[in-house]
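Subject: Structure for your review

Hello,

Here is the structure I said I would pass on.

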Amino acid sequence: MDVTKEITKEIFEQYVPAAKMPERNTSVYNRMVPYFSLSYQYLQNMLFQGMGELMDAGDLKDGILQFVCLHAFFRAIPSLDLVLTGTGFGIVSTNDTAPASQTRVKALRDEMEWQSLMAISRLLAILVKTNGWGASAAGKNAIQSLYYDPNQMTQFGPIDNNLSMADNWRRICQHRATAEMMVRQEISFEYYDALRDRLRTAKMTNADIGVYNSALNYIARSIGDMAAGRPCIPPEKWELRAYMERYADLLPEYKESKLYASIHGERYENKPEDPTFFFVN
């Protein structure tokens, strides 16, 4: 069922107070209606590909409606010819309105984009606990890294106060892959993949959480360094490996990894799933 059919003017304005108009004035809402389906389809492709039946789940419905309303308004703003009214923004000019400045319109669009990202964050928090989603193609597509959730930015950073929150998240996404690769090499490819799988299914152990928080702090620090043009701290100086060595018995994928074997001088046993066969004298 397409929940966008349930979005009335009242529901839209509940989630997007900046677009609130007097009861009989439906100008903004009417202009928004075509955008609801576009944002709904966008969400389906991003989080629910192949698992569209979840979009009808009761615990997800409010979050989906919230995202669709916020994201649709964010996308529509450039075409709305916004004016500033006594109560917010509108698109019908009267003697009591004035054109909204480009600065205020940009600030509004930035805020709507960030709020739509927060709506995604809330949906992800439910989806990782939903049976089957984390192991699906949708789950693997949505969570491809350890630093996957825009809400993590408020805890780990880095945040440049001269940028909007949405632009800060774009900056993180721009530099994230390099920082994540450094972490992946430091904790072993095998354990990195296992940790990411447990993120998708909300099954991290206490030992995993310790690695995860340290890794996110390192990733955030490295992103800040790269954005500022500074060299990153080498991951071996972050003592992440020292933590893993201390709790290796609680991190089986790490203890069985090629990296662990090389550190401890153990003979590596080839496994059927290995892409390369290693000859050991």
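The second largest pocket is lined by 18 residues, and those nearest its centre are Ala125, Tyr148, Asp149, Gln152 and Tyr212. Please keep in mind that this is a predicted model. The volume of this second largest pocket comes to about 290 Å³. Its lining takes at least two residues from each of α4 (102–127), α6 (153–156), α8 and α9 (206–227). The biggest contribution is that of α4, with 3 residues. By residue class, the lining of the second largest pocket holds 10 nonpolar, 4 polar and 4 charged residues.

The largest pocket has a volume of about 670 Å³. Its lining has 28 residues, and Met46, Tyr148, Trp169, Cys173 and Arg176 are the closest to the centre. At least two lining residues come from each of α2, α3 (58–76), α4, α5 (137–142), α7 (165–187) and α8 (189–200). Helix α7 supplies the largest share, 9 residues. The lining of the largest pocket splits into 17 nonpolar, 5 polar and 6 charged residues.

Next, helix α2, which contributes to the lining of the largest pocket. Helix α2 covers residues 27–47, 21 residues in total, and spans 31 Å from first C-alpha to last, close to the expected 30 Å. There is a bend of about 40 degrees at Val33, with a proline, Pro34, following within four residues. The buried residues of α2 are Ser27, Val28, Tyr29, Met32, Phe36, Ser39, Tyr40, Leu43 and Leu47.

The whole structure contains 9 aromatic pairs. In one of them, Phe12 and Tyr29 have ring centres 6.5 Å apart and planes at 50 degrees, so the pair is tilted. Phe12 belongs to helix α1 (residues 9–15) and Tyr29 to helix α2, so this pair ties together parts 17 residues apart in sequence. The rings of Tyr29 and Phe36 also pair, with centres 6.2 Å apart and planes at 45 degrees, so that pair is tilted. Phe12 has a relative accessibility of 0% and counts as buried. Tyr29, at 18%, counts as buried because the cut-off is under 20%. Phe36 is at 2% and counts as buried. Ring pairs join Phe12, Tyr29, Phe36 and Phe73 into a cluster.

Regards

Terms used
Residues are numbered from 1 along each chain as its sequence is written. This is a predicted model: local features need pLDDT of at least 70, side-chain atom pairs count only at pLDDT 80 or more; totals for chains, interfaces and linings use all residues. Side-chain values use heavy atoms; hydrogens and water are left out. The expected span of a helix is 1.5 Å times one less than its number of residues. The bend at a residue is the angle between axes fitted to the seven residues ending there and the seven starting there. Buried means under 20% relative accessible area, exposed over 50%, partly exposed in between (1.4 Å probe, protein chains only). On a 1 Å grid over the protein atoms alone, a cavity is a set of points where a 1.4 Å probe fits but cannot get out, and a pocket is an open set with protein on both sides within 12 Å along at least five of seven lines; lining residues have an atom within 4 Å of a point. Grid points are joined across faces, edges and corners, and a volume is the space filled by probe spheres set on the points. Ala, Val, Leu, Ile, Met, Phe, Trp, Tyr, Cys and Pro count as nonpolar, Asp, Glu, Lys and Arg as charged, and the others, Gly among them, as polar. Rings of Phe, Tyr and Trp (its six-membered ring) pair if their centres lie within 6.5 Å; planes under 30 degrees apart count as stacked, over 60 as edge-to-face and the rest as tilted.
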